[in-house]
Amino acid sequence: MCVFCKIISGELPGYKVYEDENTLVFMDIAKDVDGHMVAVPKKHVKNILDCDEQTLSALMNSVKKVSVHCVERCGYDGVNLLNASDESAGQSVGHFHIHIIPRKKEDGIDAWPVFSGAKESMEDIFEKLKM
């Protein structure tokens, strides 16, 4: 059983911010940013790539509910939502999750990765990616 499944089941403790039938949002223990939370589906799926639409919809509804709560009731101005799907993208826990980071104007947090620049032309990548 993965660490997030253990938190969901109560086998491991967690500061549960929000919970419903299908999802759980709890405080991230990294202590890297004030208010850092993790939203997970209770159903174990590895990431968005293997997540069914019903589970994804339930998770995103909870992410929105908690994000709106942060802004409307907790004094934050916005949120960052972060996700890595697959180890190649930096996913470290094999249970689909979305980080919610409440933000205030001028809080000094830089939550965006620094990229080294594209290697291929936009036109070539567009031809590969278009659906």
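This is a predicted model: local features need pLDDT of at least 70, side-chain atom pairs count only at pLDDT 80 or more; totals for chains, interfaces and linings use all residues.
Methionine 37 opens the way to strand β3 (residues 37-41), which runs antiparallel to β5 and is joined to it by three bridges.

## How enclosed is β5?

Is strand β5 buried or exposed? Six of the six residues of β5 (residues 98-103) are buried, so the strand is largely enclosed by the rest of the structure.

In a regular strand, side chains alternate between the two faces of the sheet. For β5, both faces are covered: one side has Ile98, Ile100 and Pro102, the other has His99, Ile101 and Arg103, and all of them are buried.

## The aromatic pair

Which rings pair up here? Phenylalanine 4 and phenylalanine 26 do, and theirs is the one aromatic pair in the structure. The geometry is edge-to-face, at 5.5 Å centre to centre with 70° between the planes.

The pair ties together distant parts of the chain, 22 residues apart: phenylalanine 4 belongs to helix α1 (residues 3-9), and phenylalanine 26 to strand β2 (residues 23-27). Phenylalanine 4 is buried at 9% relative accessible area, and phenylalanine 26 is buried too, at 3%.

## A lysine over a ring

One more ring to look at: tyrosine 76 has lysine 104 over its face, at 5.4 Å from the ring centre.

Conventions
Residues are numbered from 1 along each chain as its sequence is written. Side-chain values use heavy atoms; hydrogens and water are left out. Rings of Phe, Tyr and Trp (its six-membered ring) pair if their centres lie within 6.5 Å; planes under 30 degrees apart count as stacked, over 60 as edge-to-face and the rest as tilted. Helices (H or I, at least four residues) and strands (E, at least two) are DSSP runs, numbered from the N terminus. Buried means under 20% relative accessible area, exposed over 50%, partly exposed in between (1.4 Å probe, protein chains only). A charge sits over a ring if NZ of Lys or CZ of Arg is within 6 Å of the ring centre and within 35 degrees of the ring normal. Two strands pair if DSSP finds at least two bridges between them.
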